[in-house]
Amino acid sequence: MNADEHRTLRESLGVYALGQLPPGEATALRAHLDGCASCSAELAEIAPVVGALGRVDPAHLDVPPAPPAWLGDRIVARAAAERVPSRPGRGGRLLLAAAAVVLAGLAGAGGYALGTGTDPAVPREPVALRTADPAVEASATVVPHTWGVEITLAADGFRPGAVYRVVVIDDGGRAVGAGEFVGTGANPMLCNLNSSVLRADAAGFDVVDAAGRVVVHGEL
């Protein structure tokens, strides 16, 4: 038997399962099934469907299936019954988790509003600054923390709208990010920046513009 003959017999399996194959072809197919494991397996898969097909009303074959009218009301009622005002549901928990992530991010990058070491009672170390841009006037202090060093930068003259990046340089010359800020032009700004470099390991910090130029350098 060649491949075309085998394919023809295989395509007849459905009709055979429904009992609609002409007797001569059915006899030939049964003979084939005795020696063909793959066709026998396919017929075994088709057989359970034959019973269900027998219950199909041909008059409804062109009607697209639709959910029962009561299903929508039942879903709404079930959702209302499961709503517990005193405990947030999954959506509420996701919202709370997202808020926690945002707060954690703010604490790591800016920190000032969240009180990450800006207690006025904490001793601050003045920093000697070198400014490469004559328009910029700046002063800075640092606070050593167990988690790293905190820099408070008071300045004006940074180009308004421009983004500046602050990096802390450790003793090995490695630059570690401490955060970013947007220049405010002539308006004074007070910016808190946090780095994971410990004060004992910090040699200085740079304020870098978008082109990578060091605008302000602090010596620690």
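Predicted model: local features only at pLDDT ≥ 70, side-chain atom pairs only at ≥ 80, totals over all residues.
Where is Ser196 found?

## A loop serine

Ser196 sits in the loop between β6 (189-195) and β7 (202-208). Is Ser196 buried or exposed? With a relative accessible area of 54%, over the 50% cut-off, Ser196 counts as exposed.

Setting aside neighbours within four places, Ser196 is in contact with Trp147, Gly148 and Val176. Take Gly148: 48 residues separate it from Ser196 along the chain, yet the two C-alpha atoms are 4.3 Å apart.

## The whole chain

Zooming out, the protein chain has 6 helices and 8 strands.

Of the 220 residues in the protein chain, 28% are buried. The accessible surface is about 14,100 Å², and carbon and sulfur atoms account for 60% of that. Looking at contacts between residues at least 6 apart in sequence, 54% join residues at least 24 apart.

## Helix α3 and its surroundings

Helix α3 covers residues 23-35, 13 residues in total, and spans 19 Å from first C-alpha to last, close to the expected 18 Å at 1.5 Å a residue. Its buried residues are Ala26, Leu29, His32 and Leu33. Viewed down the axis of α3, these fall within an arc of 120 degrees, so they line one face of the helix. Pro23, Gly24, Ala31, Asp34 and Gly35 are exposed on the other side.

An unreviewed UniProt entry lists residues 9-39 as "domain: Putative zinc-finger". In the model, that stretch is 77% helix and 0% strand, with its end C-alpha atoms 9 Å apart.

In soluble globular proteins, nonpolar side chains tend to be buried together. Here, the largest nonpolar core has 25 residues, and those with the most contacts inside it are Leu153, Phe158, Val166, Val168, Phe181, Phe205 and Val207. At least two residues each come from β2 (137-144), β3 (149-156), β4 (163-170), β5 (175-182), β6, β7 and β8 (214-219). The largest share, 4 residues, is supplied by β3.

Another core lies apart from this one; it has 9 residues, including Ala26, Leu29, Cys39 and Leu43. Ala26 and Leu29 are also among the buried residues of α3.

Definitions and conventions
Residues numbered from 1 in each chain as written. Heavy atoms only, no water. Buried < 20%, exposed > 50% of the residue type's maximum accessible area, 1.4 Å probe, protein only. Contact = heavy atoms within 4.5 Å. Areas by Shrake-Rupley, 256 points an atom, 1.4 Å probe, with all protein chains shown as cover. Expected span 1.5 Å × (residues − 1). Arc of directions from axis to C-beta. UniProt positions renumbered as here; feature names shortened; annotations may be inferred. Core = buried A, V, L, I, M, F, W, Y, C linked by side-chain atoms within 4.5 Å.
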